[in-house]
Every structure is written in C-alpha cells, then in structure tokens.
Amino acid sequence: MSLTREPVQPLELDPRLGDRVRIEPLEGGRQTMTMSMGPQHPSTHGVLRVVLSLDGETVVDAQPDIGYLHRNWEKIAEYMTYAMTVPFSDRNDYLAAITNELALVQAVEKLTGLEVPERAQILRVIFSELQRITSHLLWFGTFGLDLGAVTAFLHAFTAREYCYKLFEQATGARFLYAYLRIGGLRNDVPDGWIEDLLSFLDQLENKYWPEFMKLLIENPIFIRRTRGIGVLKPEVAVAYGASGPVLRGSGIKYDVRKADNYLPYDRFEFDVPVGENGDVYDRALVRMYEMLESARIIRQAVKELPDGPVMAKVPRAIRPYGEVYHRVEGPRGEVGVYLVAAGDTNAYRARWRSPCFVNLQLLPILARGHLVADVVAIIGSIDIVLGEVDR
C-alpha cells in the first residue's frame, strides 16, 4: 500500500473575494489561508490592515500593513515655525495631545535655554497625568468593547467625560488643545478648576476605578480571554525598543518619568506598576494601576502648586542653533522629538519617535500560535493610535 499523496490543489475561490483571501497547501494535506483583517475593522482602532496567515483558526503569521494615515508630519513640520508646529503635533497621538505638545516645546526650550516658570512646570505635570488618565479610560472602555463588555465601555466613557470637561475649562478644547507654549502655558487654569479636578479624582479613586476592576478586570470571562495570551518576554520587549505599559507589562520597571527628570517628578512619590507574565492581562493591569498612580501624582502636585506667572519671556522670533533629542513618558510609552536647528524660525530636520509604531512591530510575535479571536485582544493590549503610527 503506497502512502504517496497526490499534490493538493488550491481550492477554487469565490471570485468575489478577489486577492483578499489566498489558500496555500501545507504538508499533510493541510492548508493555510491568508486573509486581511482590516483596514476597516472595529478592533483595529483605526485604519490598520493585518495580513493573517491561518491554519484553521490558529494564527501562523500576522503582519501589520500600515501607512493609510500617513500625513508626512515630519517634512511638513520642517516648513512651519516652531510655534506653529505645536498644535500640529496634537494630531499625532490625538488621544494624548498634551504629551505631544510637551515633547515638542521642551525640545525647543532645550535648544534655546529658556527657563519655564515653576507654576507652569507643576501645571504641566498635572495636565500630563490627567491626560494619562483620560487616555487609559478610553483604552479601558474600547478594550472591554473589543471583548464584548459593553457595560464597561459605557461606564468608562462617563468617567472620561469628566476629564474632557476639565480640559475644556482650562484650554477651551476637549480633544486637541494647543495649550502648551514654548516657555510655558497659553493661560492659567480658571478659578475653581483645581477643586473640580480634586472632585474628579475622588470619584475616580472611590467609585469608578473599583467599578472598573469588578466589571472587567476581575471578571472570569475577561481573565480567560487575556491570561496567557500574547506573552511578551522581557528580553524581546527590550530588543524591539518597546516602552510604556507594553514594556512594563513584561516586568521591566522602566519609566521615562523616573529615568529622565524632564518635569519635576522627583518631587513626587509614585510607583511604577509592572506585570509578571507579560501577557495581555498584565498589560491591562499595568494601565489600571497607572491611573491610580497618576491621581496620586496630581494630588501631590496640587499641594505644591505655587503662585506666579505661567509664561516666560520669549523672543518674538525663536531661532535656535544645534540639535536635540527630547523624550517624555506618554500614555503609550516614550514619545521623542529630534530636532536639528540651523538658526531659522523652523527646524532644519524634525523626527518623531512614536511608541505606537515601535510597539506595533511586536504583533507577529504576540499573535503567532493563538486563535483569530485572540488577535483582537492582543491588538487592544498594545493600545495603538494609528495617527501616530503613520504620522
């Protein structure tokens, strides 16, 4: 009896599928299917296409296909004055606009040697941490929605609305603020704003956060969907240059706020949450505890908020020389700006370091060997913003 098999022929496809689905033979009569997830898919959180190679429901490979939102940010920024680039930077990670602005204005301040007033420095800390809470609330809601938890999404957006009201009161905008300036802030916070901020923190710590943990993070279904899924080993995370909760979820206690004192964080006590197993669950847990740590920082910053101006004296035309790389800790990791200045009012060269772009490169490693349904959880745990990935 011969065990020789006849060559397996590719299946005849429905012509309506075009080149979106391709089936290839494997040894033993099995076949892999190559298909597109996205670029318009609810779980990809933007215009992301993932090319999936599947053996049944098991992922053999997952390659992100990016660039659908490319706007040529860096080259356009080289033709704008430094001041004009600040609101333009909001559009990169549009869920963390303040963080983008902070990286850019501090890079120019380094080049020019500008001294920012202390009140502006402390307010920058407060807004940075409020932005982190706001971003993590959005991640929590949409991540739960990806996994079928609609109630958690509604609760998260209720809490997030308080954050946007605070931003609107201080900056006049809910989403893209154009609030930071080279040398300080556009304006001081209005009367009563600090009291509203502390009231929100009370609700976050005593009401919303415990609800979120009970609704989703401690839910047995959520735990089964996320534990042991998309494990990222610490050495791989470091090798790929991962940062933020993706890195810390793998147990690496690295935070730019601690490593590079770009704002007076050394005056405040806070912990850096880290995971133990590097899976989707740990990355989620890190973000949850980071919200509490951000609230802790804000409370300390409010107590140390001095009186005084929020804007330094800045020349009408800023013409720095030299080059600089400056980084800050955004909600998704290390946001960096590299500028080369040649004495003009605009940068000779501008480069943006996107944590989302770096972290997304890990998707093939995280998804391989898991089921198609797990890819949704893995992408959600990376917490990407495609506007920043593509720039």
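Visitor: Over how many bridges do strands β7 and β8 pair?
Guide: In this predicted model, local features need pLDDT of at least 70, side-chain atom pairs count only at pLDDT 80 or more, and totals for chains, interfaces and linings use all residues. Residues are numbered from 1 along each chain as its sequence is written, and side-chain values use heavy atoms, with hydrogens and water left out. Strands are DSSP E runs of at least two residues, numbered from the N terminus, and two of them pair if DSSP finds at least two bridges between them. β7 (residues 321-330) runs antiparallel to β8 (residues 333-342), and the number of bridges is 10.

Visitor: Which residue of β8 is the bridge partner of Y321?
Guide: β7 and β8 form a hairpin with two residues between them. Across this pairing, the partner of Y321 is A342.

Visitor: Which residue in the turn between β8 and β9 has a positive phi?
Guide: β9 (residues 349-353) is antiparallel to β8, with five bridges, one of them joining G336 to R353. Six residues lie between the two strands of this hairpin. The one with a positive phi, of about 90°, is G343.

Visitor: How many of the 10 residues of β8 are buried?
Guide: Buried means under 20% relative accessible area, with a 1.4 Å probe and protein chains only. β8 is mostly covered, and its buried residues number eight.

Note on methods
Buried < 20%, exposed > 50% of the residue type's maximum accessible area, 1.4 Å probe, protein only. Helix = DSSP H or I, 4+ residues; strand = E, 2+ residues; numbered from the N terminus.
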